[in-house]
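Please read them alongside the structure shown below.

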Amino acid sequence: MSATHLVILAVALLVDFASAGVPLPRYEALLKQQSAPSDPTLGLYDDGDKVIRLSVDNFNATVLDQNRGALVEFYNTYCGHCRRFAPTYKSVAEHLLPWSEVLIVAAIDCAAEENNGVCRNYEVMGYPTLRYLGPGFQPGPQHYGQSLHTQDINEIREILAGMVAAENLTSSHNNSYWPNFHYLTENDSASSLFEGLSSVTQYVAVVHEPENTTLGVEVALFMTQWPAVSVRRVIDPAVAAKFKIDPTNLPISLVDRKGEIMAYAPESTNGESYAKKLWDVLGKKNITPRPVTVHQPSATPASKIKGQNELIDEVHRNKHFVYQADLEQAIRTVLHNEVSKVGEISGEKLLALQRFLTVLQRYNPLGANGHQLVSKLKDYVVQFNDKLTGSQFEEELKRLEAHLSPVYSSTHFVGCVGSSPRLRGFSCSLWTLFHFMTVQAANNEESQDPLEVLQAMHGYIKNFFGCTECSEHFQAMASRRKIWSVPNKEEAVLWLWAAHNEVNQRLAGDATEDPEFPKKQFPAPDSCSECYRTPDSKSENLEIEWNKDAVLGFLKNIHNPQFVSRYGVQREELLHPTADKMRQKRQISSVFTDMDMRMGMLLYAFCIVMMVLAFKLFAFKGYRKKPYGHDLLGKV
Ligand SMILES: Cc1cc2nc3c(=O)[nH]c(=O)nc-3n(C[C@H](O)[C@H](O)[C@H](O)COP(=O)(O)OP(=O)(O)OC[C@H]3O[C@@H](n4cnc5c(N)ncnc54)[C@H](O)[C@@H]3O)c2cc1C
């Protein structure tokens with residue numbers, strides 16, 4: 001038994017003692033102040049953004065059966081790709097704000113549990129997903145809106161313009177702002193242009209639209225806030241000429257009610273530039289647009305959690321700790337959000353869910369009620385050979401949780417807390433859960449399959465993980481790193497560690513990185529200096545030469561249930577039933593082998609004997625050397 005083991009054993013006893021009896025009052029206060037993970041305010045868009053925030057409460061009323069269309073982004077707060085795309089989407093909303101009488105730009109956070117039903121009904125398979133829901137839209141089987149397969153702002157604008165122009169508005173969805181998208185023909189003239197228009201319309205803007213573009217549609221949409229102007233498209237150069245248009249040099253003109261025509265040259269060939277030219281000209285004529293209004297449902301903007309700095313300090317102090325709260329949050333989010341959100345769970349998905357629940361049942365970090373929950377849920381899922389739906393799963397999950405309540409000892413992230421509510425969280429906790437399970441598997445004889453946890457993880461990430469980009473990267477990495485050839489359970493622990501470090505390296509400095517928790521190779525030298533073979537390899541620039549035995553020992557120690565920190569847990573009593581304690585004791589003894597334990601006891605006994613001997617020796621010597629003892633006793 002090494003000295004490190006002895007120290008760890010002593011610390012374990014202290015931690016155990018502390019967690020058993022000493023309350024953590026400061027924490028209680030912190031947690032009260034922290035928002036719940038499914039809090040809708042944790043989405044990616046704030047009040048200041050022009051993106052309309054949708055939720056289960058306002059989704060139907062805002063986008064179904066309206067007299068205007070909607071671009072809807074289905075996203076997941078914890079998906080890095082969604083976070084990277086958010087600034088672009090905000091720009092799309094800002095850019096298309098003048099179109100808002102005809103098309104709104106909205107978004108719904110599928111990471112918020114309350115939105116599960118909506119995201120499930122729209123068969124969202126990856127994040128972010130952009131869908132156009134036209135005027136009068138009603139969802140139906142195989143009818144979930146039209147997908148936009150681009151994240152480029154110009155392409156989004158052009159595609160939307162095409163979709164809007166192709167709409168055939170029914171009388172029940174009459175919209176007085178809807179532009180007339182019909183092309184002008186040779187029968188049209190300056191005088192006929194105003195036929196049927198209201199007296200408010202003072203000008204008709206004629207726009208030459210090059211073939212296979214949506215330029216005229218875009219100009220018409222950018223002008224919907226200008227009641228004094230109606231826009232018409234013209235494609236035929238001969239017809240355009242009737243309105244003084246020269247497609248190359250003067251592609252737009254304004255016609256007034258007297259039939260006077262004036263042609264103009266915009267700065268560049270795009271819809272916004274054409275519209276800006278018209279805005280300038282109209283401004284000089286003292287004609288103004290209507291103010292644009294965005295009907296944003298009220299919500300508190302996602303702000304920094306109060307007391308969060310203390311929480312972050314605490315986590316920084318214990319950098320490599322694994323927290324019970326994070327393990328629980330991972331499980332809760334997986335069950336409530338990721339699995340429940342899937343429309344149909346069949347084939348490979350069903351097998352992946354069954355495998356995941358099997359390993360979770362075996363290496364479950366929850367307390368007794370949580371053990372029952374996972375076990376019953378697994379029994380429920382394995383009865384299905386063919387398929388089950390996400391809503392069936394969700395219903396059973398909620399029924400079991402109500403029956404077994406309380407199941408979770410905590411409701412918030414601790415080690416995975418981010419410096420802003422939009423950072424870290426679930427994806428951090430999911431890594432933690434899988435590392436935890438690989439270590440428990442390595443310390444447990446129940447299964448001899450070295451791949452059981454990695455296979456369950458692979459299936460889960462492929463079929464359920466809401467970060468589509470992460471899932472694709474992970475699958476590619478798994479085959480490149482030969483996941484299916486991992487020979488034993490300890491190598492499985494190391495495989496996941498190395499794979500995670502590869503992801504850390506790729507994401508270092510990425511926009512999704514939390515500045516408070518920069519992505520570094522794990523473990524850091526100050527957490528485990530023995531994990532580094534040479535002192536030089538601790539330098540950032542050199543390829544690290546790992547001591548894999550030390551890394552394995554370190555990973556086993558930090559994921560040992562006995563050392564999992566209960567900091568921030570509100571219902572610690574749920575984690576202390578006797579069966580749990582016994583299980584933990586068995587697990588700790590498998591990290592410290594029987595031989596380790598015996599050696600420890602021997603060393604302990606040896607130390608006590610030595611201390612007694614030393615004491616006797618000093619006491620005896622002291623007695624003999626006392627110069628005045630005899631005098632005092634009067635024996636000299
Ligand atoms: C399978 C998977 C694939 C992902 N792929 C992507 C992707 O392609 N693009 C993207 O933007 N995001 C991806 N993510 C998310 C990303 O990896 C992080 O989870 C997220 O950025 C939050 O990072 P974090 O700082 O909280 O630390 P995380 O990387 O989430 O780590 C969580 C905790 O695990 C511990 N840890 C760190 N490294 C290791 C290690 N090597 N071994 C053991 N423990 C470790 C640390 O204590 C750390 O705090 C993926 C997540 C998962 C679960």
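1. A residue is called buried when its relative accessible area is under 20%, exposed when that area is over 50%, and partly exposed in between. The model under discussion is predicted.

2. On this scale H458 is buried, because its relative accessible area is 13%. The residue belongs to helix α16, which covers residues 452-463. Leaving aside residues up to four places away in sequence, H458 is in contact with F474, Q475, A478, I483 and W484.

3. V609 falls in another class: its relative accessibility is 48%, so V609 counts as partly exposed. Helix α21, spanning residues 594-625, is where V609 is placed. Together with L603, F606, M610 and L613, V609 makes a nonpolar surface patch of about 480 Å².

4. Attention is also drawn to an open sheet of five strands, ordered β1-β3-β2-β4-β5 and mixed in its pairing. Its edges are formed by β1 (52-54) and β5 (146-148), each of which pairs on one side only. From one strand to the next, the twist averages 30 degrees.

5. Within this sheet, strands β2 (residues 69-75) and β4 (residues 129-133) run antiparallel and are joined by five bridges. T129 in β4 has F74 opposite.

6. Two helices lie across strands of the sheet. Helix α4 (residues 80-95) lies across β2, β3 (103-109) and β4, at about 165 degrees to β2. Helix α6 (residues 153-165) lies across β2, β3, β4 and β5, and its direction makes an angle of about 160 degrees with β5.

Key. Residues numbered from 1 in each chain as written. Predicted model: local features only at pLDDT ≥ 70, side-chain atom pairs only at ≥ 80, totals over all residues. Heavy atoms only, no water. Patch = residues over 30% accessible without salt bridge, like charges linked within 9 Å, V, L, I, M, F, W, Y side chains within 5 Å. Areas by Shrake-Rupley, 256 points an atom, 1.4 Å probe, with all protein chains shown as cover. Salt bridge = Lys/Arg side-chain N within 4 Å of Asp/Glu carboxyl O. Helix = DSSP H or I, 4+ residues; strand = E, 2+ residues; numbered from the N terminus. Buried < 20%, exposed > 50% of the residue type's maximum accessible area, 1.4 Å probe, protein only. Contact = heavy atoms within 4.5 Å. Pairing = 2+ DSSP bridges. Axes fitted to C-alpha atoms, helices over the stretch in contact; angles between N-to-C directions.
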